[in-house]
Structures are given as structure tokens and as C-alpha cells.
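Please look over the structure below before reading on.

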Amino acid sequence: MELVVTSTKGLKISAVKIGFSRIFENVLCDGVSIPDQVAGQPIGFEAGRDGAWGRIRHLRKQYFSHPLNSRVAVSIENFITEISPGGYFDIGCVALDDPENQIKLETFSQGVSVPTEFIEKAKSATSKTYHLRSSGYEVTAG
């Protein structure tokens, strides 16, 4: 199975390869750099989903006539959401697009608690004129 991950971060590429290797033999997994489609620190489920699927859409346009475009694409976008007042969690949206079989899937990771002070720091460090402010903060919360 040949995969492309919309990131060059070793941790994301390794996680995808390990996960798929549990089911499939001979997994080839490459990462490609795709520009952010949402804020550096996305806030909310919508921003997380938009970030993951936006990277896949960008990949499909950028590599339109490249062999990578026919591969199964996996995109991971972490985001912060407030589950209860002052209860912030980091959650990952994992999107998968298989153009050959016309399959699109998404799932979300288990949330990991993020202390409120990290959220406040990221919020205060974000410029009022940040062009992606509608989807979150300019800097990550941790």
C-alpha cells in the first residue's frame, strides 16, 4: 500500500506507517510539506476538520499530475476545543482520502487536557490582524 501524509513531521509519518502496517504488508509512506490551511493553533472541531481536509485538497491540486496524487492521502490536524468551561483539550482530526476507491474517512483522537494558562498565552500572542484568526491562534498552545 502506498500512502502520502500531508506533513513532513516524522512523528506523523511514523504513526501513519505503523498504523497501516498493522493491517497491510509492504506499506510505503511518504510525507509532503503542505502549507497551513488554518491557524497555527486551530480552535474548535470545524477548524480542525477544515485544516485536515484543506491539506488534502491542496495536495490534490499541487500534485495533480504527479504519481503521489493517486496515493491514499492521510492528513492529521490537531486542534484545541473547550469541552466544559475552562476545560480545554487537544484533539486530532485524522482525514483519509482514497481516490482510486472513492473513499473519504475521518475520525478524531482521544482528547488530552491542556492547562488554561497555555491557551491564554497562545491567545494573547496572536495579533489582532492575524489573517487566520477566524480559525484559531497564531501560535500553538504548548
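R49 is partly exposed, with a relative accessibility of 36%, where buried means under 20% relative accessible area, exposed over 50%, and partly exposed in between, taken with a 1.4 Å probe on protein chains only. The model is a predicted one, in which local features need pLDDT of at least 70 and side-chain atom pairs count only at pLDDT 80 or more, while totals for chains, interfaces and linings use all residues. Residues are numbered from 1 along each chain as its sequence is written, and side-chain values use heavy atoms, with hydrogens and water left out.

**Salt bridges**

- The structure holds seven salt bridges, each being a side-chain nitrogen of Lys or Arg within 4 Å of a carboxyl oxygen of Asp or Glu.
- R49 and E106 meet through their side chains in one of these, at 2.7 Å from N to O, and the pair links helix α2 to strand β6 (residues 103-108) across 57 residues of the chain; helices (H or I, at least four residues) and strands (E, at least two) are DSSP runs, numbered from the N terminus.
- E106 is partly exposed, with a relative accessible area of 32%.
- R55 and E77 form another salt bridge, at 3.0 Å from N to O, which joins helix α2 to strand β4 although the two residues are 22 apart in the chain.
- R55 is buried at 10% relative accessible area, and E77 is buried at 6%.
- Salt bridges that share partners join E2, D30 and R71 into one network.

**Nonpolar cores**

- The largest nonpolar core has 14 residues, and those with the most contacts inside it are V4, V32, L59 and Y63; such a core is a set of buried Ala, Val, Leu, Ile, Met, Phe, Trp, Tyr and Cys residues joined through side-chain atoms within 4.5 Å.
- Helix α2 (45-62), β4 and β5 (87-98) each give two or more residues to this core, and α2 gives the most, with four.
- L59 touches V4, T6, V32, I34, N69 and A73, residues up to four places away in sequence not being counted, where contact means heavy atoms within 4.5 Å.
- Apart from this core lies another, of eleven residues, among them V5, I13, F20 and V74.
- V74 lies in strand β4 (residues 72-84) and is buried at 3% relative accessibility.
- The C-alpha atoms of V74 and D97 are 6.6 Å apart in space, although the residues are 23 apart in sequence.

**The loop between α3 and β8**

- L132 is found in the loop between α3 (116-124) and β8 (136-137), and its C-alpha atom is 6.1 Å from that of V38, which is 94 residues away along the chain.
- S135 is found in this loop as well, and S135 is buried, with a relative accessible area of 13%.

**Cysteines**

- A disulfide is a covalent bond between the sulfur atoms of two cysteines.
- With a disulfide counted as a pair of cysteine sulfur atoms within 2.5 Å, the count comes to zero.
- C29 is buried at 11% relative accessible area, and C93 is buried at 0%.
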